Amino acid sequence: MLKVGIVGLPNVGKSTLFNALLKKSIALEANYPFATIDPNIGVIEVPDDRLGKLASIVSAKKIVPAAVEFYDIAGLVAGASTGEGLGNQFLSHIREVAAVAHVVRLFEDGDIIHVSNKVNPIDDIKTIETELILADLSTVAKQREPRGNAPKEEVAAYKTFQKLREALDQGTPARQVSFNEDERAHLKQLNLITAKPVIYCFNSSLEQLDDLDGTHKTVKKLLADAGSEDASYLLFNPLEETTLNSLIQKAYETLGLISFLTAGEIEARAWTIPTGTLAPGAAGVIHTDFEKKFIKAEVVKYDDFVTLGGWSKARESGKAQMCGRDYLMQNGDVVDFKIGA
């Protein structure tokens, strides 16, 4: 399941966003109602209008959307990387997620006190980024220099760690450093926080959302001034459901994820996979044995499946393809996997 951590300074709207997602999920009829795993962790369904249509066509008994697990990560204040606030809790939670949703306050409201007594998005972004960089520097500092007779791979890994350390020392997060394939393999074991993709979520007033062009220009300049010019971002307001949907969709886009669909009498369901997944790997998402025993996949494009009214007509019209192990899965593929004994 996709895990996204929501981070930010106090009073920027981090928990407000989390709670808005909670209420939105409860309001929807789905197989994944909001589930409180912990006071600050919740499972939220991925909006997908395709599932209702599939369920209607195949008379499915239930609908099972894909899901995202959101972490409302506490303790992000200056010094969090060394344990200030709830720093240790922040570190343990943030290492669990695949992407970070960094909430930045854009709205002005005299009744809501800012931790720095002023609304300054650039400083807010830099404060959080600094804490994440310091946390990763602490991780890198624990890597010991190899002895003279150490294996070549160990020596190469240490050189990668030093390259990373130099970048972090200069205030550059790991995701902005160019690493080759071998270097990325070395870094994987460190589970770096600053290597995780970041989506900047600008908490905006309704007035700011009404002036979309102007607000987008403001945000792009803010990100450029903060050194994150090409960053992925979105504008949201907790009262606007469409902006909440955008966060989930943006998380998929940022991580390069797509969904394939299955449709039968038991359920119509969406499954999450990375872009570039081959058919056996997709089958393995349903069950690990399915990848091992994969024979072929019967695939129909979603639009064809709906237009033709299901499997039978899709097969009769030649729109159902029998695909082998080298088939590259596409977003919206409706699939029936053929599995051996």
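Which residues does F202 touch, not counting residues up to four places away in sequence? Some notes on that, and on what surrounds it.

1. Before anything else: this is a predicted model, where local features need pLDDT of at least 70 and side-chain atom pairs count only at pLDDT 80 or more, while totals for chains, interfaces and linings use all residues. Residues are numbered from 1 along each chain as its sequence is written, and side-chain values use heavy atoms, with hydrogens and water left out.

2. Now the answer: F202 touches V104, L106, I125, V219, L222, L223, Y233, L234, L235 and F236 (contact means heavy atoms within 4.5 Å). Together with F70, F202 touches the most other members of the largest nonpolar core, which has 68 residues. Such a core is a set of buried Ala, Val, Leu, Ile, Met, Phe, Trp, Tyr and Cys residues joined through side-chain atoms within 4.5 Å, and buried means under 20% relative accessible area, with a 1.4 Å probe and protein chains only.

3. Have a look at helices α4 (residues 121-141) and α8 (residues 212-225): their axes, lines fitted to C-alpha atoms over the stretch in contact, come within 9 Å and cross at roughly 45 degrees. The contact is made by P121, I122, I125 and K126 of α4 with L222, L223 and D225 of α8.

4. Over in helix α10 (residues 279-286), the buried residues are A279, P280, A282, A283 and G284. They pack against β9 (257-263), β10 (267-274), α11 (288-292), β11 (294-301) and β13 (333-339).

5. For the big picture, 48% of the 341 residues of the protein chain count as buried.

Definitions and conventions: Buried < 20%, exposed > 50% of the residue type's maximum accessible area, 1.4 Å probe, protein only. Helix = DSSP H or I, 4+ residues; strand = E, 2+ residues; numbered from the N terminus. Axes fitted to C-alpha atoms, helices over the stretch in contact; angles between N-to-C directions.
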